[in-house]
Amino acid sequence: MLDPFGPAAKELVREIGGVNELLMRIPSYVGIDKAMERVIWLKNGKLPSELLKLADLEDLMGFYALLGALAFSPYGLEMEIVKEANARIYTERISRYGISHSKISLPLTTFDEDEIPKKDRIILEKRLHEEISSEERKKLQLEYKMHIKDILLLWEDSLKEIYIKKGHGYLTERQMLRLWRKSFERNVERAVEILYEIRDELPQYYLRLYEKLSEFARDYFKERLERFGSAKAQPLRFDLFPPCIKAAIRGVPSGLRNYAITVLLTSFLSYARICPNPPRKDIRVKDCIKDLSVIEKEILPVIIEAGNRCTPPLFEDQPNEVKNIWYHLGFGFTDKPNIEDSGNTPWYFPPNCDKIRANAPQLCKPDRNCRNIKNPLTYYLRRLYLENKRSGEKNE
Ligand code: SF4
């Protein structure tokens, strides 16, 4: 398979009966060690040739097995490992076997040789430079064409690097592969966002695979982890919160107060601080922390202050609302909980973006990081992940 998100792969998934059906079948076909083979080669950097020769279905199942595992920890180091290893597998295949427009997820279009004036080709492809080897010449060749609006969605550097004519960019193989990789990474994130929603329904196989991935990722990124930590429980980074949470923290008018503070802020802050990657939906606070000090010192004060910034102040108007906060944290309707009470009621998970938009449209003012995000918590996890990655790269 050339691209697990390309049209041919989508057709294969459809024939099987959809992504859910594919995920149910995978455990009977792909052993956990087999799925891990797609990533563990990163350790020595040598891509095994067998991985390049897998039949389409076998390849797709191995890749989706890893996506299913990522549902248990979107935007962790595990995702970085899966993206890196698989992007390299598919990039190598694309370079080796060439592009087939029907198999790749980039919206490439075909073009005639004479669309690019000869004099431009002479300059761009250095056609008069006889000293250039054929290999080098191939790298300079403009072989692919894409509409500029599609390029803009994926290209992160200066457009000066790209030859543009009549609303289209003409690309070398290296440029095309850069765009493809960006698109691949976004598709992985989009798929994991969707699978995150159904992680409770996935067979145990995926949790076991996630644990293996996690073990490998911690070893692979040992140095970085020692320096920067991971997206496990850690002090809250308010600067990375999504716009809806920042709006709730700033305080809201009376009609929105209970939803913004008690439902949204309480669930978001508690998961983000205590258990950013819950392995299952029925997790309790006491499964993640041993005493209530984190809640009392770091979470409740933010909630109370946000409530006080509402007009009129929420807790002055409705003092019993504090009990409701504990209720939403899973301790029952109380204002004097102890850790053993956790589990008396469900610990509310942050509502999805579509629910927030339906219940409190004023809170949702998406920024560019909200694209493809389905839940404010995954927004935060993604930004934490990108921050850690950036700091790691800068340091290296
Ligand atoms: S898209 Fe989602 S995360 Fe972004 S502001 Fe709206 S509700 Fe919040």
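**Ligand shell and domain contact**

Reply: In this predicted model, helix α19 gives the most to the shell around the ligand, with three residues.

Me: Which elements give two or more residues to the shell around the ligand?

Reply: The ligand is surrounded by P242, P243, C244, C353, I356, R357, C364, K365, C370 and P376. Two helices give two or more residues to this shell: α13 (243-250) and α19 (353-359).

Me: How many residues of the shell around the ligand are nonpolar, polar and charged?

Reply: The residues around the ligand include R357 and K365, and Lys and Arg count as charged. The residues around the ligand also include prolines and cysteines, which count as nonpolar. By class, the shell has eight nonpolar, no polar and two charged residues.

Me: What area do domain 1 and domain 3 bury between them?

Reply: Domain 1 covers 7-102 + 179-223, domain 2 covers 108-177 and domain 3 covers 228-395. Taken over C-alpha atoms, the centres of domain 1 and domain 3 are separated by 30 Å. The contact takes 19 residues from domain 1 and 22 residues from domain 3. Carbon and sulfur atoms hold 46% of the buried area, which is about 1,900 Å².

Me: Which residues form the salt bridge across the interface of domain 1 and domain 3?

Reply: Across this interface the rule finds one salt bridge. Domain 1 includes 179-223 and domain 3 spans 228-395, so a pair with one residue in each range qualifies if a side-chain nitrogen of Lys or Arg lies within 4 Å of a carboxyl oxygen of Asp or Glu. At 2.5 Å, N to O, the side chains that meet are those of E189 and R382.

Me: Which helix gives the most to the side of domain 1 that touches domain 3?

Reply: Between domain 1 and domain 3, seven residue pairs are in polar contact. On the domain 1 side, α6 (77-97), α10 (173-197) and α11 (204-220) each supply at least two residues. By class, that side has seven nonpolar, two polar and ten charged residues. With seven residues, the helix that gives the most is α10.

Methods:
Residues are numbered from 1 along each chain as its sequence is written. This is a predicted model: local features need pLDDT of at least 70, side-chain atom pairs count only at pLDDT 80 or more; totals for chains, interfaces and linings use all residues. Side-chain values use heavy atoms; hydrogens and water are left out. Domain bounds come from an automatic or database domain assignment. Contact means heavy atoms within 4.5 Å. Buried area is the accessible area (1.4 Å probe) that two parts lose on being put together, summed over both. A polar contact is a pair of N or O atoms within 3.5 Å; within protein, one must be able to donate a hydrogen and the other to accept it, and residues adjacent in sequence count only if both atoms are side-chain atoms. Helices (H or I, at least four residues) and strands (E, at least two) are DSSP runs, numbered from the N terminus. A residue is near a molecule or strand if one of its heavy atoms lies within 4 Å of it.
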